[in-house]
Amino acid sequence: MSILITTTAQRNAAHNGKSHSANPPVIAMTFLFEGQQLQVIGREAWMLHLLMTRGDKGVTTLEVPGARLSHYVMKLRRKSLDIETADERHSGPFAGSHGRYVLRSSITVLKLLRAGEVCDAA
């Protein structure tokens with residue numbers, strides 16, 4: 001008997017039909033928000049970039065399973081970013097509701113760092 005162990009990223013890549021090697025996740029971002037330069041790293045950077053790229057469509061845990069979206073959104077809100085949560089109903093064997101997160105703040109990205117890229121020391 002063999003057991004196959006995969007990471008969440010591998011499962012999501014297989015589910016989405018995409019490979020992270022072609023477009024590595026954002027791991028750091030520097031941006032302007034209301035005249036102030038801010039930086040986020042790790043999952044906060046990944047989440048903010050995801051919210052930016054999704055635009056008004058937003059993102060839900062149904063679309064990105066395994067990630068703690070509400071936690072990353074909470075941390076971004078602590079930086080005063082306006083992120084809307086719209087409640088949506090869903091059916092199925094585990095019917096209920098989920099939140100759709102949409103970035104409402106206007107930000108200007110100054111710098112992105114993706115996994116595998118070299119960071120400037122300057």
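In what order do the three strands of the open sheet come?

1. The order is 2-1-5, and the pairing is antiparallel. Strands here are DSSP runs (E, at least two residues), while helices are H or I runs of at least four residues, both numbered from the N terminus. Two strands pair if DSSP finds at least two bridges between them.

2. A word on the source: this is a predicted model, where local features need pLDDT of at least 70 and side-chain atom pairs count only at pLDDT 80 or more, though totals for chains, interfaces and linings use all residues. Residues are numbered from 1 along each chain as its sequence is written, and side-chain values use heavy atoms, with hydrogens and water left out.

3. Strand 1 (residues 26-33) joins strand 2 in antiparallel fashion through six bridges. In this pairing, Phe33 sits opposite Gln36 of strand 2.

4. Packed on the sheet you will find helix 2 (residues 43-54), which touches strand 1, strand 2 and strand 5. Its direction makes about 65° with that of strand 1; axes are lines fitted to C-alpha atoms, for helices over the stretch in contact, and angles run from 0 to 180 degrees between N-to-C directions.

5. Do have a look at Gln39, which belongs to strand 2. Gln39 counts as exposed because its relative accessibility is 51%, and the cut-off for exposed is over 50% (1.4 Å probe, protein chains only). Beyond its neighbours within four places in sequence, Gln39 contacts Met29, Thr30, Phe31 and Lys79, contact meaning heavy atoms within 4.5 Å. Between Gln39 and Lys111 there are 72 residues in sequence and 9.2 Å in space, C-alpha to C-alpha.

Notes
Buried < 20%, exposed > 50% of the residue type's maximum accessible area, 1.4 Å probe, protein only.
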